[in-house]
Amino acid sequence: MSAIRLEPIAGSDLGLKVALTNAHLPTDDIEDEGRTFFKAVSADGRIAGFSGIERCGGDCLLRSVVVLPDRRGEGLGRAVVEETLANLDHAGDIFLATTSAASFFASIGFDEVQRASVPAAVLATRQLSSICPSSATIMKLIRPST
C-alpha cells in the first residue's frame, strides 16, 4: 500500500466536485460550514482521491471518500480512510452513510448501526437528513478496547 498525504482543500475545490460527481456521490452541501475536505496525494505525488469530515457536536461524519478511477485497485481507498481517521483530533464517535461500499468500510472497522442509535447531531446533518436515501447503510467505527 502506498503512503498517502492529506492536503486540506475547500469544499469549492473543482477537483473534489468533479471526483464526487463522477463517483455519483453528493455535492449539494460540500460548501456548507462545518466540513473539512482533503485531497489525498500518494507517494508518487499524484492525486489519489479525496475525503472529508463533518463535525457533529462531539462526533464526526466521514464523508466524500473517493479514489480516482485511474488509481483504483492500488489499496489507496483504505489508505485514504485510515489517514483521514488518523488526523482526527477528538475522541467522539465516527459515523458514515453509504449506499454501495458497506463491505469496504466493514473491512476497515466500521459496523452497521440502526438509525435509532445514531446521535441526533449526526442525524441532523444534511447528509443524513435529506441528501442520502433512507435506505443508506449507516455505519460506526468500532475502536478496539484499550
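How many bridges join strand E5 to E7? Keep that question in mind as you browse these close-ups of a predicted model.

**View 1. Strand E5 pairs with strand E7.** Here is the answer: 4 bridges join E5 (residues 94-98) to E7, and the two strands run antiparallel. Look for Phe95, whose bridge partner in E7 is Lys140.

**View 2. Strand E6 also pairs with E7.** E6 (residues 110-112) is joined to E7 by 3 bridges, again in an antiparallel arrangement. As for E7 itself (residues 137-141), 4 of its 5 residues are buried, so by the under 20% relative accessible area cut-off the strand is mostly covered.

**View 3. The largest nonpolar core gathers 24 residues.** Those with the most contacts inside this core are Ile4, Leu62, Val81, Leu85, Ile94, Phe105 and Phe110. Strands E1, E2, E3, E4, E5 and E7, together with helix H2 (76-86), each supply at least two of its residues. The largest share, 5 residues, comes from H2. In soluble globular proteins, nonpolar side chains tend to be buried together.

**View 4. Phe110 and its neighbours.** Leaving aside residues up to four places away in sequence, Phe110 touches Leu62, Val81, Leu85, Ile94, Leu96 and Phe105, and also Met139, Lys140 and Leu141.

**View 5. A second core stands separate.** This core has 11 residues, among them Cys56, Leu61, Phe95 and Ala136.

Definitions and conventions:
Residues numbered from 1 in each chain as written. Predicted model: local features only at pLDDT ≥ 70, side-chain atom pairs only at ≥ 80, totals over all residues. Heavy atoms only, no water. Buried < 20%, exposed > 50% of the residue type's maximum accessible area, 1.4 Å probe, protein only. Pairing = 2+ DSSP bridges. Core = buried A, V, L, I, M, F, W, Y, C linked by side-chain atoms within 4.5 Å. Contact = heavy atoms within 4.5 Å.
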